[in-house]
Amino acid sequence: MSLDTSLIQTQLRPHFEKKLLTTAQHTLVFDQFARDGDLPRNIGSRTVRFFRREEADLSRPGAPIALTEGVAPTVSRDVTYQSVEVSLSQRGQVAKVTDVVNHVGLLNYMNSTIFLMGQECALDADSIIRDQLTAGLNKRYAGGFTSFSALKAGTAASARITPQDVLDAATQLRVNKAVPIQGKAFVLVVPPQVERDIRNNPEWQNMVRYQYADKLFNNEIGDLHGVRLVSHTNPFVEGATEGTYTTNHSDADAVFSSYCLASEAYGVTKMASLGGSPFKPSIIINDKPDSLNPLAQYMTVGWKSYWGSTVLNPKFGITLKSKTEFRAS
């Protein structure tokens, strides 16, 4: 005797796998290369002012001169400082989980919510820093082009990034007397599309060191012309208008920004007592009844951060713009 499963169709149900599938996650890196600072509490301020000594300049009054025996110099060297201010502000996010869902739900909604918020908090902060760097750093254009309009008019092959562009950007930083990060290297932050163009270049394949033990930074992919290449997945992409972000990353004429960075090109400050860094935010869970939720029918989970970021020295970073030969399938 055989049993047709159609006879028990109403008794069949799928098995729910409690282990969640892998979620697409961003690779975010800008928190690594910032000058970090803290704003102490109870000092009557919501801004941080950074100071920088002026650079050596032999044309300034009081510069070194030949001395005459017994005659004191008559001109003194005055030392001045440049200042840059960072204003802090709060950002945050909140979500609700009902008591019923929390008790009967098959999946752990609370943990999933906290995980998602952590991802969005970091992405939000990374995007703010990225936009500031795009607008505030000195600019160069790949392929020898000298303007955004000229780059846009070029083909993907002529406007893609090459090792020569990396060398030129690093050379410009050296001309600007920028200090390498950690005193060791400049960094070029590139999206995967640009990374592909560099890796596909024969000069990269001949020059880059694929295996080395002294990696300095997270997501580092190689060393080219003394510049450490670091990959990220949150690029600033422009369409027809320079400075305007577009979500159409697959456009053949899209322009991608990469960032060649020296030490203290930009800074990030935070106040720990008001939420601290957005890359390590304060998570707040409220599961107690109150006047708005008298029966505790839901709980809230959220985060807040109190921080700010800004470009500290435009000459210590290069926004390198290029097209790409990569085409999404």
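Predicted model: local features only at pLDDT ≥ 70, side-chain atom pairs only at ≥ 80, totals over all residues.
1. The expected span of a helix is taken as 1.5 Å times one less than its number of residues. Helix 5 covers residues 163-175, 13 residues in total. From first C-alpha to last, helix 5 reaches 18 Å, close to the 18 Å expected at 1.5 Å a residue.

2. The next point is the burial pattern of this helix. In helix 5 the buried residues are P163, D165, V166, A169, A170 and L173. Viewed down the axis of helix 5, these buried residues fall within an arc of 165°, so they line one face of the helix. After helix 5 comes K177, a residue with a positive phi, near 60°.

3. The largest pocket holds about 580 Å³ of space. Its lining is made up of 18 residues, and those closest to the pocket centre are R52, R53, E264, N313 and F316. Two elements give two or more residues each to this lining, namely strand 2 (47-53) and strand 3 (81-87). Strand 2 supplies the largest share, with 4 residues. By class, the lining of the largest pocket comprises 8 charged, 6 nonpolar and 4 polar residues.

4. The second largest pocket holds about 340 Å³ of space. It is lined by 19 residues, of which L20, T23, S112, F115 and L116 are the closest to the pocket centre. Here the lining divides into 9 nonpolar, 8 polar and 2 charged residues.

5. Aromatic contacts deserve a separate point. The structure holds 3 aromatic pairs. What is the geometry of the pair formed by F30 and Y259? The ring centres of F30 and Y259 are 5.5 Å apart and the planes stand at 80°; planes over 60 degrees apart count as edge-to-face, so this pair is edge-to-face. The pair links distant parts of the chain, with F30 in the segment before strand 1 (35-38) and Y259 in strand 10 (residues 255-261), 229 residues apart. Is F30 buried or exposed? F30 has a relative accessible area of 0% and is therefore buried. Y259 is likewise buried, with a relative accessible area of 0%.

6. A further aromatic pair is formed by F33 and F217, with 5.1 Å centre to centre and 80° between the planes, and is edge-to-face. This pair also links distant parts of the chain: F33 lies in the segment before strand 1, F217 in the loop between helix 7 (202-207) and strand 7 (220-224), and 184 residues separate them.

7. The last point concerns a glutamate in helix 6 (residues 192-199), where E195 is found. Is E195 buried or exposed? The relative accessible area of E195 is 14%; the cut-off for buried is under 20%, and E195 is therefore buried. In sequence, E195 and E69 are 126 residues apart, and their C-alpha atoms are 61 Å apart in space.

Key. Residues numbered from 1 in each chain as written. Heavy atoms only, no water. Buried < 20%, exposed > 50% of the residue type's maximum accessible area, 1.4 Å probe, protein only. Arc of directions from axis to C-beta. 1 Å grid on protein atoms, 1.4 Å probe; cavity = no way out; pocket = protein on both sides within 12 Å on 5 of 7 lines; lining within 4 Å. Points joined across faces, edges and corners; volume = space filled by probe spheres on them. Nonpolar A, V, L, I, M, F, W, Y, C, P; charged D, E, K, R; others polar. Phe/Tyr/Trp six-rings, centres within 6.5 Å; stacked < 30°, edge-to-face > 60°.
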